[in-house]
Amino acid sequence: MNNRMHQAMQLAEMLDGQTSPNPSVGCVITKHGRIIGFGAHRFAGGPHAEVEALRMAGEAARGADLYVTLEPCNHHGKTPPCTEAIIAAGIKRVFVATEDRHAIVAGQGIVRLRESGLTVEVGLLEDEAVRFYTPFWQSLKRKRPNVTVKVAQSLNGIVTTGEQRWITSVAARAAGRELRATHDAILVGSETVLIDDPALTSRSETGAEPIRVVVDRRGRLTETAQVFRDGLNPTYWLTEQPRVSDQSNVTVLVGTYATPNQILDTLYDQGIHSLLIEGGPTIQSAFLEADLVDRLEIYQAPSVLQGTTGLTSTIEIEDRFDLTDVAQIGQDVHLGYTRKGDGSCSQD
């Protein structure tokens, strides 16, 4: 059983970052020990994972077991309730990794299935599922995007030298791009755009690309910047200076962006639930000082350099974050920190 739920979790993880404003969900259907159907929620407004798996299983679903990473929905959103599809297909047993903490679901899907005579077991690989869905649940609870800060630095904390563009290795940079693919949006300040002119794309094998967000309060930038003129991923241009863009992929959001909270309020209103902040150090430090960072991803190269130091925040990392991941990537070291207490509501 654990193996089947693990396969469902893998499906959900593969599409992480592609289903916003919904969470990614995976589903596997088995009968007589064989997989007869599987699916994942591939994009918002599309069929949910359970429906995808049921379509593959067809008539063979009658009397089968269904494994799903998140409690099936029991409400009408952009799609009909998954509970009704499961009942109509004649599924006999349902294994749910974790209940959905979204108030619109919150156990109702499980109750509906049990009332219809299905056997429902909850908690298979629950810890893994809770870790996976906690960032989404926290976003709904806090009414703001879940925020990750990514830093690439030398051993002595240098993030830019003025001489070499890259500090970390090719392998570490590839890992950073994969990180982009799991977030709804990636944010940088105007200084980063002026200095580096980045594309801010993930080049992910799954095709997942984040919305690009540029904070340009004083209106320093022009549409010659790559994020505005390349015609690729959608770009949100946050500025306090009224302007109009000629680019179809660029949305100008004029407002007040003096604080990180104001930035997050705007992005949450745009349906963004997860945000990766890559630069520069000033804007990253502002979010840390405001206690609005939920995860730190630090990639550290084995070098000592001269140049500009990174985070200027005076907080003690260990007071606010737990070290949850340590890994070697090429010659670099990756350190992942998660906000304390964040191990602790979904599809619509």
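I started with Trp137, which counts as buried because its relative accessibility is 4%; buried means under 20% relative accessible area, exposed over 50%, and partly exposed in between, with a 1.4 Å probe and protein chains only. Ground rules for my notes: this is a predicted model, where local features need pLDDT of at least 70, side-chain atom pairs count only at pLDDT 80 or more, and totals for chains, interfaces and linings use all residues. Residues are numbered from 1 along each chain as its sequence is written, and side-chain values use heavy atoms, with hydrogens and water left out.

**Entry: the rings**

Which rings does Trp137 cluster with? I found ring pairs linking Phe132, Tyr133 and Trp137. My rule for a pair: rings of Phe, Tyr and Trp (its six-membered ring) with centres within 6.5 Å, planes under 30 degrees apart counting as stacked, over 60 as edge-to-face and the rest as tilted. The count by this rule is four aromatic pairs. One of them is Phe132 with Tyr133, edge-to-face at 4.9 Å centre to centre and 80° between the planes. Tyr133 and Trp137 have ring centres 6.0 Å apart and planes at 35°, so I logged that pair as tilted. Phe132 counts as buried because its relative accessibility is 18%, and Tyr133 does so at 1%.

**Entry: the helix they sit on**

Tyr133 and Trp137 both lie in helix H5, four residues apart, about one turn of the helix. Helices here are DSSP runs (H or I, at least four residues), strands are runs of E (at least two), and both are numbered from the N terminus. H5 covers residues 126-142, 17 residues in all, and reaches 23 Å from first C-alpha to last, close to the 24 Å expected; the expected span is 1.5 Å times one less than the number of residues.

Where does H5 kink? I put it at Tyr133, about 45°, shortly before the proline Pro135; the bend is the angle between axes fitted to the seven residues ending there and the seven starting there. After H5 comes Lys143, with a positive phi near 55°.

I also checked what covers the buried residues of H5: the list includes helix H1 (2-14), strand S6 (146-153) and helix H9 (260-269). Contact means heavy atoms within 4.5 Å. Leaving aside neighbours within four places in sequence, Tyr133 is in contact with Ala12, Pro23, Ser24, Val25, Thr69, Leu70 and Thr98.

**Entry: the core**

Next I looked up nonpolar cores, meaning sets of buried Ala, Val, Leu, Ile, Met, Phe, Trp, Tyr and Cys residues joined through side-chain atoms within 4.5 Å. The largest has 41 residues, and Tyr133 is among those with the most contacts inside it, as are Ile29, Leu54 and Leu66. H5 gives the most to this core, with seven residues. Another core, of 28 residues, lies apart from it and includes Val147 and Phe287.

**Entry: a strand residue**

Last, I looked at Val28, in strand S1 (residues 26-31). Val28 counts as buried because its relative accessibility is 2%. Its C-alpha is separated by 5.9 Å from that of Leu66, 38 residues apart along the chain.
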